[in-house]
Amino acid sequence: GSSGINAEYGRMERTKEDIKQLTLGNMHRCISPEVAHSTMLALSNQSTSGPKLPKPGSNVHELVRITYLNASQILRHFWQCFPVTTSAQEEKMARFADSIGKFKATTLQETLNKLPPKEIRLLKHTIDQLDLALNKFEQVKQAKNGRR
């Protein structure tokens, strides 16, 4: 009902205010991947493009599409850290690798649980891409530890 809409609107206004405070007070610092992810998900219901949250009762292809788009966003940010030449890039890469792991354990797993078993294959490419990024992160970490 309208109370749900009002509550959602209030939450969105608080989120927008939080973003404003983060950007005005900390222009020189990056926000954490967790804040970026939750903000993106909170604001995605307002925009007509970009990552979205699946609606209850969404069909299989819509669930797969939304999961793919959200994974693509996280992966894009991860791969932009390469080549890793500074400690800031290394820290950013580690934060996004952590976000990828959390995405796999939560969002992706929830989507897989909603899919009929024969449709899980639709997310194989997405899973492979997430695994590739995590493997690359481990290789970089091991190479760095080997240099010490």
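**Exercise 1. The chain as a whole**

Of the contacts in the chain with a separation of 6 or more, what percentage do residues 24 or more positions apart account for? Describe the make-up of the chain as well.

Solution.
- The model is predicted.
- Residues 24 or more positions apart account for 64% of the contacts with a separation of 6 or more.
- The chain has five helices and zero strands, and its pattern along the sequence reads α-α-α-α-α.
- The chain has 148 residues, of which 24% count as buried.

**Exercise 2. The nonpolar core**

Which residues have the most contacts inside the largest nonpolar core, and which helix gives the most to this core?

Solution.
- The largest nonpolar core has 20 residues, and Phe78, Ile100 and Leu130 have the most contacts inside it.
- At least two residues of this core come from each of helix H3 (60-79), helix H4 (87-114) and helix H5 (124-147).
- With seven residues, H4 gives the most to this core.
- Take Ile100 next: leaving out residues up to four places away in sequence, Ile100 touches Ile74, Leu75, Phe78, Leu130, Ala133 and Leu134.

**Exercise 3. How H3 and H4 pack**

Are H3 and H4 roughly parallel or roughly antiparallel to each other?

Solution.
- Two packed helices are described by the angle between their axes and the distance between the axes.
- The axes of H3 and H4 come within 9 Å, and they cross at roughly 170 degrees.
- Angles over 145 degrees count as roughly antiparallel, so H3 and H4 are roughly antiparallel to each other.
- On the H3 side the residues in contact include Leu63, Thr67, Ile74 and Phe78, and on the H4 side they include Met93, Phe96, Ile100 and Phe103.
- Sorted by class, the contact of H3 with H4 has eleven nonpolar, five polar and two charged residues.

**Exercise 4. The loop between H3 and H4**

Is cysteine 81 buried or exposed? Where is cysteine 81 placed, and what does it touch?

Solution.
- Cysteine 81 is placed in the loop between H3 and H4.
- The cut-off for buried is under 20% relative accessible area; cysteine 81 has 2% relative accessibility and therefore counts as buried.
- Cysteine 81 touches Gln89, Lys92 and Met93, residues up to four places away in sequence not being counted.
- Cysteine 81 and methionine 93 are twelve residues apart in sequence, while their C-alpha atoms are 5.8 Å apart in space.

Is the peptide bond from phenylalanine 82 to proline 83 cis or trans?

Solution.
- Proline 83 is also found in the loop between H3 and H4.
- Most peptide bonds are trans.
- The bond from phenylalanine 82 to proline 83 is cis, with omega near -5 degrees.

**Exercise 5. Aromatic rings**

How many aromatic pairs does the count come to, and which residues do ring pairs link into a cluster?

Solution.
- With ring centres within 6.5 Å as the cut-off, the count comes to three aromatic pairs.
- For tryptophan 79 and phenylalanine 82 the ring centres are 5.3 Å apart and the planes stand at 40 degrees, so this pair is tilted.
- Tryptophan 79 is partly exposed, with a relative accessible area of 32%.
- Phenylalanine 82 is partly exposed too, with a relative accessible area of 21%.
- Ring pairs link Phe78, Trp79 and Phe82 into a cluster.

**Exercise 6. A residue of H5**

With which residues is isoleucine 127 in contact, leaving aside its neighbours within four places in sequence?

Solution.
- Isoleucine 127 lies in helix H5.
- Leaving aside those neighbours, isoleucine 127 is in contact with Leu108 and Leu112.
- From isoleucine 127 to tyrosine 68 there are 59 residues in sequence and 9.3 Å in space, C-alpha to C-alpha.

Notes:
Residues are numbered from 1 along each chain as its sequence is written. This is a predicted model: local features need pLDDT of at least 70, side-chain atom pairs count only at pLDDT 80 or more; totals for chains, interfaces and linings use all residues. Side-chain values use heavy atoms; hydrogens and water are left out. A nonpolar core is a set of buried Ala, Val, Leu, Ile, Met, Phe, Trp, Tyr and Cys residues joined through side-chain atoms within 4.5 Å. Buried means under 20% relative accessible area, exposed over 50%, partly exposed in between (1.4 Å probe, protein chains only). Helices (H or I, at least four residues) and strands (E, at least two) are DSSP runs, numbered from the N terminus. Contact means heavy atoms within 4.5 Å. Axes are lines fitted to C-alpha atoms, for helices over the stretch in contact, and angles run from 0 to 180 degrees between N-to-C directions. Angles under 35 degrees count as roughly parallel, over 145 as roughly antiparallel, 65 to 115 as roughly perpendicular and the rest as oblique. Ala, Val, Leu, Ile, Met, Phe, Trp, Tyr, Cys and Pro count as nonpolar, Asp, Glu, Lys and Arg as charged, and the others, Gly among them, as polar. Rings of Phe, Tyr and Trp (its six-membered ring) pair if their centres lie within 6.5 Å; planes under 30 degrees apart count as stacked, over 60 as edge-to-face and the rest as tilted.
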